[in-house]
Amino acid sequence: MLEDRIMRPGKNIAIKVPLYQWDSTVAYYRDRVGLKVSRILNDSVGFSFGGMTLWIDRVSHQSQSDVWLELFTDDPDGALERLGSPERDELEPLDTVTGHWTSDPAGTVLLIRKEKSA
């Protein structure tokens with residue numbers, strides 16, 4: 001039931017890519033898929049992906065690619081408890097984000113966070 005849902009899709013999808021595959025993966029989404037680059041950071045390129053941003057993140061200590069998803073909620077602690085998923089906040093610093101890193105049963109990393117007010 002919709003009223004029971006406390007989470008909603010976020011605005012970001014990240015593909016964490018090993019260093020040796022990063023350039024070719026960025027080129028693939030830019031040149032072959034034809035996605036528009038929306039933002040460039042030191043170790044990340046963001047592409048417009050509908051109403052979301054698809055981030056291709058360069059990770060030097062990674063041996064294979066991972067997909068990470070973002071979910072918004074007004075209650076990150078309650079959402080983590082409801083999911084029954086492990087807290088994995090050691091994955092990446094959350095800095096100014098209020099939320100938690102966790103994962104689904106298949107190991108897909110999820111960021112459960114409060115959406116910043118406009």
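Modeller: Start with β4: six of its eight residues are buried, so β4 is largely enclosed by the rest of the structure. Buried means under 20% relative accessible area, exposed over 50%, and partly exposed in between, with a 1.4 Å probe and protein chains only. Strands here are DSSP runs of E of at least two residues, helices are runs of H or I of at least four, and both are numbered from the N terminus.

Biologist: Before we go on, what kind of model is this, and how are residues numbered?

Modeller: This is a predicted model, where local features need pLDDT of at least 70 and side-chain atom pairs count only at pLDDT 80 or more, while totals for chains, interfaces and linings use all residues. Residues are numbered from 1 along each chain as its sequence is written, and side-chain values use heavy atoms, with hydrogens and water left out.

Biologist: Back to β4. Which way does β1 run against it, parallel or antiparallel?

Modeller: Parallel, with seven bridges joining β1 to β4. Two strands count as paired if DSSP finds at least two bridges between them. One of the contacts is A14, whose bridge partner in β4 is W55.

Biologist: And how many bridges between β3 and β4?

Modeller: Six, in the antiparallel sense. S44, for example, has D57 as its bridge partner in β4. The two strands β3 and β4 form a hairpin with two residues between them, and G50 in the turn has a positive phi of about 65°.

Biologist: Which residue other than glycine has a positive phi?

Modeller: D95 is one, with phi near 45°. D95 sits in the loop between α2 and β6 (99-103), and D95 counts as exposed at 71% relative accessibility.

Biologist: Now charges. How many salt bridges are there?

Modeller: Eight. The rule is a side-chain nitrogen of Lys or Arg within 4 Å of a carboxyl oxygen of Asp or Glu.

Biologist: What does D43 pair with?

Modeller: R58, in a salt bridge of 2.9 Å, N to O. D43 is in the loop between β2 (37-41) and β3 (44-49) and R58 is in strand β4 (residues 52-59), so the pair ties together parts 15 residues apart in sequence. D43 is partly exposed at 39%, and R58 is partly exposed at 25%.

Biologist: Which residues are joined into one network by shared partners?

Modeller: R8, K11, D74 and E115, through salt bridges that share partners.

Biologist: Which residues make up the negative surface patch?

Modeller: D75, D77, E81, E87 and E90 form a negative patch. Patches take residues with over 30% relative accessible area and no salt bridge, joining like charges within 9 Å and nonpolar side chains (Val, Leu, Ile, Met, Phe, Trp, Tyr) within 5 Å.

Biologist: Where is E81 found?

Modeller: In helix α2 (residues 76-83), and E81 is exposed, with a relative accessible area of 69%.

Technical notes
Areas by Shrake-Rupley, 256 points an atom, 1.4 Å probe, with all protein chains shown as cover. Lys, Arg positive; Asp, Glu negative; His and termini not counted. Charge placed at Lys NZ, Arg CZ, Asp CG, Glu CD.
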